[in-house]
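Here is a short report on one protein chain.

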Amino acid sequence: GKSGAEIVQELCSNSATFSTKTEFSQDKYKKKKAKKYICWVTVRRPTARAICQAYYNKGPERVFNLRHDSLAIMLNMANVAAGARVLVFD
């Protein structure tokens, strides 16, 4: 497929009323179409909170209804800090 910017450009060029609109209306039209067709992805470093929150939002029963604040309390009570090497036993 085509990129989002190419789709927006084609929509503008194929629109019958685009050239008759004011400059403000043209910008507004472009922003509206860009919001619909251009995808933005932000890559972030995975943290325990982000992973727990993502699983909780997807399905709370998958993580036994464990919220990120409850996980933080458990890790704090177990004296687990960033960069710590711990042994997990089930």
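## Burial and surface

Of the chain's 90 residues, 12% count as buried (under 20% relative accessible area; exposed is over 50%, partly exposed in between; 1.4 Å probe, protein chains only). The accessible surface is about 8,400 Å², and 56% of this belongs to carbon and sulfur atoms. These areas come from the Shrake-Rupley method with a 1.4 Å probe.

## Basis of the model

The model is predicted: local features need pLDDT of at least 70, side-chain atom pairs need pLDDT 80 or more, and totals for chains, interfaces and linings use all residues. Residues are numbered from 1 along each chain as its sequence is written, and side-chain values use heavy atoms, without hydrogens or water.

## Fold and extent

The chain has four helices and zero strands. Helices (H or I, at least four residues) and strands (E, at least two) are DSSP runs, numbered from the N terminus. The order is α-α-α-α. The radius of gyration is 23 Å, well over the 12 Å that the globule rule gives for 90 residues, so the chain is more spread out than a compact globule. The radius is taken over C-alpha atoms, and the rule is 2.2 Å times the number of residues to the power 0.38. Along the principal axes, the C-alpha atoms fill a box of roughly 65 × 25 × 25 Å.

## Two loop residues

Most residues other than glycine have a negative phi. Phenylalanine 64 has a positive phi of about 55°. It sits in the loop between helix H3 (48-58) and helix H4 (68-77). Phenylalanine 64 is exposed, at 75% relative accessible area.

Asparagine 65 lies in the loop between H3 and H4. Its phi is also positive, near 55°. Asparagine 65 is exposed at 53% relative accessibility.
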